[in-house]
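Please consult the sequence and the model alongside the points below.

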Amino acid sequence: MRILSSDVRPAEMADAVSVATVHWQAWQQVYAGIIPHRSLQDMLTRRNVSWWQRAVSSEATVLVLEVQGKLVGYATVGLSRARALLPEGEIYEIYLLPEYQGLGFGRDLFTEARRLLASLGCKGTICWVLDDLQQAKMFFSALGGKPLAFSRSQFGDTSLGKVSFCWD
């Protein structure tokens, strides 16, 4: 039984500071020790409040998750960047503050992201995950995602594998 109420909605310009905070904390927790430190810090520094203000006003959609009125998570969605693969919609990112993970809120945010993509006419959804992130891969598998393709991303001198999960 969940006693906390949550709400998923499109991000507004006023949310940029809170989204930047969630991004910073979630990425520090998720990627420390996986993405080389310098690359991770460079990525975090680039994704500052002004970056999020531009993202909120861009074509890609930013959804936010509030719990009891506090912004604790976000997802970014849009058209799939992997045109050669069948899914038309993509969840580019989905992150929660560490203390809100494992409570079902990620599932709520994911469900709303997929619902939004479907309402935009996208057939299927894809989401890419670094292959070393076992918790994320278990999350997407539990949501019915099927591994579809494998690729690599470069972080400084380090090449990391990533796998896509897809849903019809």
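In what follows, Ala, Val, Leu, Ile, Met, Phe, Trp, Tyr, Cys and Pro count as nonpolar, Asp, Glu, Lys and Arg as charged, and the others, Gly among them, as polar. The model is predicted: local features need pLDDT of at least 70, side-chain atom pairs count only at pLDDT 80 or more, and totals for chains, interfaces and linings use all residues. Residues are numbered from 1 along each chain as its sequence is written, and side-chain values use heavy atoms, with hydrogens and water left out.

**Largest pocket**

- The largest pocket holds about 1,300 Å³ of space (an open set of points on a 1 Å grid over the protein atoms alone, where a 1.4 Å probe fits, with protein on both sides within 12 Å along at least five of seven lines; lining residues have an atom within 4 Å of a point).
- Its lining comprises 47 residues, of which Tyr31, Glu93, Ile94, Tyr95 and Trp128 are the closest to the centre.
- By class, 30 lining residues are nonpolar, ten polar and seven charged.

**Strand E2**

- Six of the seven residues in strand E2 (residues 61–67) are buried (under 20% relative accessible area, 1.4 Å probe, protein chains only); strands are DSSP runs of at least two residues, numbered from the N terminus.
- Strand E1 (residues 6–10) pairs with E2 in the antiparallel sense over five bridges (pairing requires at least two DSSP bridges).

**Serine 164**

- Serine 164 belongs to strand E7 (residues 158–167) and is buried, with a relative accessible area of 0%.
- Beyond its neighbours within four places in sequence, serine 164 has contacts that include Leu85, Trp128 and Lys146 (heavy atoms within 4.5 Å).

How values were computed. Helices (H or I, at least four residues) and strands (E, at least two) are DSSP runs, numbered from the N terminus. Buried means under 20% relative accessible area, exposed over 50%, partly exposed in between (1.4 Å probe, protein chains only). Grid points are joined across faces, edges and corners, and a volume is the space filled by probe spheres set on the points.
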